[in-house]
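Please look at the sequence and the model below, and then read the notes that follow, which are grouped by topic.

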Amino acid sequence: STILKLLMRLYGPSSGVISWNGVNVEDLSMEWIRDQISYVAQEPVLFSGTIRENVLMGVDGEVSDEELKRVCEEALCMDFINEMPDGFETDLGATGKSLSGGQKQRIAIARALLRHPRVLVLDEATSALDSQSEEIVQEAMNRIREEKRLSIVVVAHRLSSIRVCDRIVVMEKGYVAEEGTHDELMKKGGLYAGLYQKQSLNV
């Protein structure tokens, strides 16, 4: 999480350099960096207002109903939106309190996708969800990963949510301890394999 926030220039490093494709992020404009990255946090922020207003929050320019529906389909939101009394015009109340944790997270993902990022960052996006909600959000992520041309960076302590990632980087005390695919790391029998097996036993 800290590395990603440094990359997005939410704060600067006290020493060393954070680079993007070999370019120091301090030499890149804040506006350009934030145009490239959409960020979804562990606790999604929703606002008083309608579903439409929440998905469109922070998006510049006009958005057609077709595009709005498309990103909500990609984020697997349409099932519960269609069940709402007024669809996209349903008022969510203060901080989206009428939605479950999994539904809030999917609205936040739809909002992130609507910005057409090059990089989608999910920072512990499923850690606060129950297993059923996590499975639905994970399904949405797998669909987006397969259908869209963008990079997805997932920060997770719950290792089941990153099993399908193309590359897993294991951090320990600020350093890269291991990296590889799930299968490669399991065969290695190191830190990742131990943590994964421990979590599997606790499910």
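This is a predicted model: local features need pLDDT of at least 70, side-chain atom pairs count only at pLDDT 80 or more; totals for chains, interfaces and linings use all residues.

In the second largest pocket, strand 3 gives the largest share of the lining, namely 4 residues.

- Sorted by class, the lining of the second largest pocket is made up of 10 nonpolar, 2 polar and 3 charged residues.

**The largest pocket**

- The largest pocket has about 1700 Å³ of space, and 47 residues line this pocket, with L4, V153, V154, V155 and V169 the closest to its centre.
- Several elements give two or more residues to the lining of the largest pocket, including helix 1 (2–7), strand 4 (119–123), helix 7 (131–147), strand 5 (151–155) and helix 9 (191–202).
- Among the residues that line the largest pocket, 29 are nonpolar, 12 are polar and 6 are charged.

**A nonpolar patch on the surface**

- Four residues, I3, V169, M171 and V176, form a nonpolar patch on the surface, and together they have about 340 Å² of accessible area.

**A methionine in a loop**

- M57 sits in the loop between helix 3 (51–56) and helix 4 (65–74), and with a relative accessible area of 38% M57 is partly exposed.
- From C-alpha to C-alpha, M57 and Q42 are 18 Å apart in space, while in sequence they are 15 residues apart.

**Salt bridges**

- Side chains that carry opposite charges can pair when their charged atoms come close, and in this model the count of salt bridges comes to 7.
- R52 and E89 form a salt bridge in which the closest N and O atoms are 2.6 Å apart; R52 lies in helix 3 and E89 in the loop between helix 5 (78–83) and helix 6, so this pair ties together parts that are 37 residues apart in sequence.
- Both partners of that pair are partly exposed, since R52 has a relative accessible area of 22% and E89 has one of 40%.
- R70 forms a salt bridge with E67, with 3.4 Å between the closest N and O atoms, and both of these residues lie in helix 4, where they are 3 residues apart, or about one turn of the helix.
- R70 counts as partly exposed because its relative accessibility is 29%.
- In another salt bridge, the side chains of R167 and E179 meet at 2.3 Å, N to O; R167 is in the loop between strand 5 and strand 6 and E179 is in strand 7 (residues 175–180), so the pair ties together parts that are 12 residues apart in sequence.
- R167 is exposed, with a relative accessible area of 59%, whereas E179 is partly exposed, with a relative accessible area of 43%.
- Salt bridges that share partners also join R52, D65 and E89 into one network.

Definitions and conventions: Residues are numbered from 1 along each chain as its sequence is written. Side-chain values use heavy atoms; hydrogens and water are left out. Patches are made of residues with over 30% relative accessible area and no salt bridge: like charges are joined within 9 Å, nonpolar side chains (Val, Leu, Ile, Met, Phe, Trp, Tyr) within 5 Å. Accessible areas come from the Shrake-Rupley method with a 1.4 Å probe; for residues, only the protein chains shown count as cover. On a 1 Å grid over the protein atoms alone, a cavity is a set of points where a 1.4 Å probe fits but cannot get out, and a pocket is an open set with protein on both sides within 12 Å along at least five of seven lines; lining residues have an atom within 4 Å of a point. Grid points are joined across faces, edges and corners, and a volume is the space filled by probe spheres set on the points. Ala, Val, Leu, Ile, Met, Phe, Trp, Tyr, Cys and Pro count as nonpolar, Asp, Glu, Lys and Arg as charged, and the others, Gly among them, as polar. Buried means under 20% relative accessible area, exposed over 50%, partly exposed in between (1.4 Å probe, protein chains only).
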